[in-house]
2 protein chains.
Amino acid sequence: MVKYPQGVSPFVSGLKQPQWSKAAPASTAKHRHRRGVNFSDRGMTLEQQLNESNKYYLSQGLAVVHKKPTPVQIVKVDYPKRSRAVIREAYFRQASTTDYNGVYQGYYLDFEAKETRNKSSFPLKNFHPHQISHLQACLDQNGICFTVLKFVTLDRYFIVPASVIIAAWQDPDHSSISLETIVSKSIELECGYRPPLPYLTAVDRLIKDRK
Amino acid sequence: MVKYPQGVSPFVSGLKQPQWSKAAPASTAKHRHRRGVNFSDRGMTLEQQLNESNKYYLSQGLAVVHKKPTPVQIVKVDYPKRSRAVIREAYFRQASTTDYNGVYQGYYLDFEAKETRNKSSFPLKNFHPHQISHLQACLDQNGICFTVLKFVTLDRYFIVPASVIIAAWQDPDHSSISLETIVSKSIELECGYRPPLPYLTAVDRLIKDRK
């Protein structure tokens with residue numbers, strides 16, 4: 001077995017996140033321990049659940065949705081002879097869009113995945129201003145835009161329409177959205193097996209509500 | 001002035017491409033010389049023309065289209081104290097999708113940008129099998145899918161519908177698409193100023209043709 005610096009294999013995408021990343025670090029001892037006893041999501045992070053779901057949807061010809069690669073500013077590249085290029089200096093950049101987008105039955109889907117360990121509300125500081133303006137711009141183009149929100153401690157999943165997030169973001173009196181608001185204005189998802197997170201059923205409802 | 005290895009600033013994205021990249025290297029002496037006398041595209045690569053056009057379309061509220069970040073396999077990251085994380089070892093990965101996607105008036109757009117220095121045909125080896133299957137999957141979901149094709153030497157630009165590319169790709173007798181076929185089955189674009197490449201006019205025609 002290869003020993004990686006930081007004790008974590010960087011091949012497992014999403015485990016090491018830059019500071020500004022919104023995904024909760026998945027490698028704390030506490031989290032690991034808890035995951036060991038929680039079988040409902042089969043130990044997957046939200047990102048893994050979504051990636052598996054997207055793979056399933058793609059294989060079934062149901063939708064084409066991909067996570068965008070982590071944007072990286074490449075500064076130095078070595079081109080060793082007889083082997084492939086090695087990036088020797090690069091930095092994480094802040095993304096200017098959301099993490100996921102794709103197409104489903106002619107509809108443009110655009111969403112962000114967010115986790116919180118809070119139990120009663122979702123802190124809006126998890127969003128960056130550029131993500132909010134990106135969601136608004138996609139809404140203006142008639143895209144289906146939302147956030148897949150996971151309350152890790154409660155093991156509950158919600159599809160929160162982008163309009164709900166944007167409205168809360170614009171309200172100067174609010175720094176978070178309460179769980180009650182989320183329950184009343186979102187679509188709750190039940191975890192499954194294939195796909196792990198059947199979010200297209202919620203998308204169907206968003207499309208229906210829009211009509 | 002900072003001297004970079006390879007003599008090319010890696011800050012200028014797209015100049016140094018990994019082996020499997022489909023973009024023609026923009027840094028050959030011949031190309032540079034020619035660009036010095038060709039003012040029609042104001043010295044921009046196709047990628048720059050598209051990125052500028054996307055910026056313009058976004059600023060005008062006309063469409064939300066972004067280039068996806070270059071996918072990179074991160075192997076080693078340093079976390080120096082009091083400064084941001086530095087990627088110390090990473091490799092270019094092959095993308096599993098096309099380079100650009102987004103939303104325009106509710107339509108999902110998905111496209112690849114390709115340049116060729118050929119004068120009479122476009123070699124299909126510029127496509128990777130996964131790009132073809134991605135375009136087919138997006139077409140199956142009713143996306144608007146195409147290739148923005150630039151004949152560098154001719155200074156001509158075409159929006160080639162994905163269906164034309166896929167049909168040629170599936171024909172075992174063909175290794176390229178002739179310029180005549182492209183002229184007859186594509187929409188030619190005229191370079192502009194703002195945006196440099198007004199591809200949405202061609203998208204309007206693709207949408208109209210589909211109806």
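A: What follows is a quick tour, from the two chains down to single residues.

Q: Ground rules before we start?
A: This is a predicted model: local features need pLDDT of at least 70, side-chain atom pairs count only at pLDDT 80 or more, and totals for chains, interfaces and linings use all residues. Residues are numbered from 1 along each chain as its sequence is written, while chains are lettered from A and ligands numbered from 1 in the order in which they are written.

Q: How is chain B laid on chain A?
A: By a turn of 180° and a shift of 0.0 Å along the axis, with an RMSD of 0.0 Å. That is the relation of a two-fold axis. Copies are superposed by least squares on the C-alpha atoms of residues with pLDDT of at least 70 in both.

Q: And which surface serves the two copies?
A: The same one serves both: 98% of the contact residues of chain B recur in chain A. Contact means C-beta atoms, placed from the backbone, within 7 Å.

Q: What is in chain A?
A: Chain A has 6 helices and 10 strands. These are DSSP runs, numbered from the N terminus: helices are H or I with at least four residues, strands are E with at least two. Of its 211 residues, 34% are buried. Buried means 20 or more other C-beta atoms within 10 Å of the residue's own; exposed means 12 or fewer; partly exposed is in between; C-beta atoms are placed from the backbone.

Q: Which strands form the open sheet in chain A?
A: There are 6, in the order β1-β4-β5-β7-β8-β10, with mixed pairing. Strands pair if DSSP finds at least two bridges between them. β1 (64-67) and β10 (187-189) of chain A are at the edges with a single partner strand each, so one side of each has no neighbour in the sheet. The twist averages 25° from one strand to the next.

Q: How do β7(A) and β8(A) run?
A: Antiparallel, joined by 6 bridges. K150(A) stands opposite Y157(A) in β8(A).

Q: What sits in the loop between those two?
A: D155(A) is in the loop between β7 and β8 of chain A. D155(A) counts as exposed because it has 11 C-beta neighbours inside 10 Å.

Q: Switching to chain B. Is β5(B) mostly covered or open?
A: Strand β5 (residues 107-116) of chain B is mostly covered, with 9 of its 10 residues buried. Strand β4 (residues 100-104) of chain B runs antiparallel to β5(B), joined by 5 bridges. G102(B) has L109(B) as its bridge partner there. In the hairpin of these two strands, with 2 residues between them, Q105(B) takes a positive phi near 50°.

Q: What about β7(B)?
A: Strand β7 (residues 144-151) of chain B pairs with β5(B) in the parallel sense, over 8 bridges. There E115(B) stands opposite K150(B).

Q: Which residues of helix α4 in chain A are buried?
A: In α4 (residues 162-170) of chain A they are A162(A), I165(A) and A168(A). They lie on the same side of α4(A) because they cover an arc of only 130° around the axis. That arc is taken from the directions from the helix axis to the C-beta atoms.

Q: And what do they pack against?
A: α3 (129-140), β7 (144-151), β8 (156-161) and β9 (176-178) of chain A.

Conventions: Axes fitted to C-alpha atoms, helices over the stretch in contact; angles between N-to-C directions.
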